[in-house]
Amino acid sequence: MLLFCRLFKFTLSNPMDATVQSMDRLSRDEIQCLFENFSDADWVRAEKSARILAHGLIGVSWEDILQESITKLLSGERTLP
């Protein structure tokens, strides 16, 4: 999926643009592309991870953890390698 998103972005980019994005971090557009193409199994895995992280926390639900993670990824506050 990541390769698809990066290839899609490359085909839409301006070949005359001299700026080269670092390939070690995903851009906001790449992250958004990944979320748009999440399968049901991907969402189940994300939910399971959020449930594990929220276990034992008082006043924080797994939904809060998942929402905060998505928000920070899309805002650029957090990055994916």
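Predicted model: local features only at pLDDT ≥ 70, side-chain atom pairs only at ≥ 80, totals over all residues.
## Notebook: rings, charges and a pocket

Entry 1: Residues are numbered from 1 along each chain as its sequence is written, and side-chain values use heavy atoms, with hydrogens and water left out.

**Entry 2: the whole chain.** I then stepped back to see the fold. The secondary structure comes to four helices and zero strands, and the order from the N terminus is α-α-α-α. These elements are DSSP runs, numbered from the N terminus (helices are H or I, at least four residues; strands are E, at least two). The protein has 81 residues, of which 21% count as buried. I also checked contacts, meaning heavy atoms within 4.5 Å. Among the contacts between residues at least 6 apart in sequence, 53% join residues at least 24 apart.

**Entry 3: aromatic rings.** How many aromatic pairs does a search of the whole structure find? It finds three. Phe35 and Trp43 form a stacked pair, because their ring centres are 6.0 Å apart and their planes lie at 15°. My rule here covers the rings of Phe, Tyr and Trp (its six-membered ring): centres within 6.5 Å make a pair, planes under 30 degrees apart are stacked, those over 60 are edge-to-face, and the rest are tilted. Trp43 is partly exposed, with 33% relative accessible area. Trp43 also pairs with Phe38, this time edge-to-face, at 4.7 Å between centres and 65° between planes. Phe38 is partly exposed as well, at 28%. I noted that ring pairs link Phe35, Phe38 and Trp43 into a cluster.

**Entry 4: the second largest pocket.** Next I followed Phe35 and Phe38 to a pocket. Together with Ala46, Leu66 and Leu73, they lie nearest the centre of the second largest pocket, which is lined by 18 residues. Which elements give two or more residues to that lining? They are α2 (28-36), α3 and α4. Of these, α3 gives the most, with six residues. A pocket here is an open set of points on a 1 Å grid over the protein atoms alone, where a 1.4 Å probe fits, with protein on both sides within 12 Å along at least five of seven lines; lining residues have an atom within 4 Å of a point. The volume is about 300 Å³, taken as the space filled by probe spheres set on the points, which are joined across faces, edges and corners. By class, I counted 14 nonpolar, three polar and one charged residues in the lining. In this scheme Ala, Val, Leu, Ile, Met, Phe, Trp, Tyr, Cys and Pro are nonpolar, Asp, Glu, Lys and Arg are charged, and the others, Gly among them, are polar.

**Entry 5: Glu47.** I picked one more residue of helix α3, Glu47. Glu47 is partly exposed, at 25% relative accessibility. Glu47 and Leu66 are 19 residues apart in sequence, and their C-alpha atoms are 7.1 Å apart in space.

**Entry 6: salt bridges.** Side chains of opposite charge can pair when their charged atoms come close. My rule was a side-chain nitrogen of Lys or Arg within 4 Å of a carboxyl oxygen of Asp or Glu. That gives four salt bridges. One of them joins Arg45 and Asp42, with the closest N and O atoms 2.3 Å apart. Both sit in helix α3 (residues 40-54), three residues apart, so about one helical turn separates them. Asp42 is partly exposed at 22%.

In helix α4 (residues 62-75) I looked up Glu68 and Lys72, which are four residues apart, about one turn of the helix. Their salt bridge has its closest N and O atoms 3.9 Å apart. Glu68 is partly exposed at 42%, and Lys72 is partly exposed at 24%. Where else does Lys72 form a salt bridge? Its side chain also meets that of Glu77, at 3.8 Å from N to O. Glu77 is exposed, at 59%.

Terms used:
Buried < 20%, exposed > 50% of the residue type's maximum accessible area, 1.4 Å probe, protein only.
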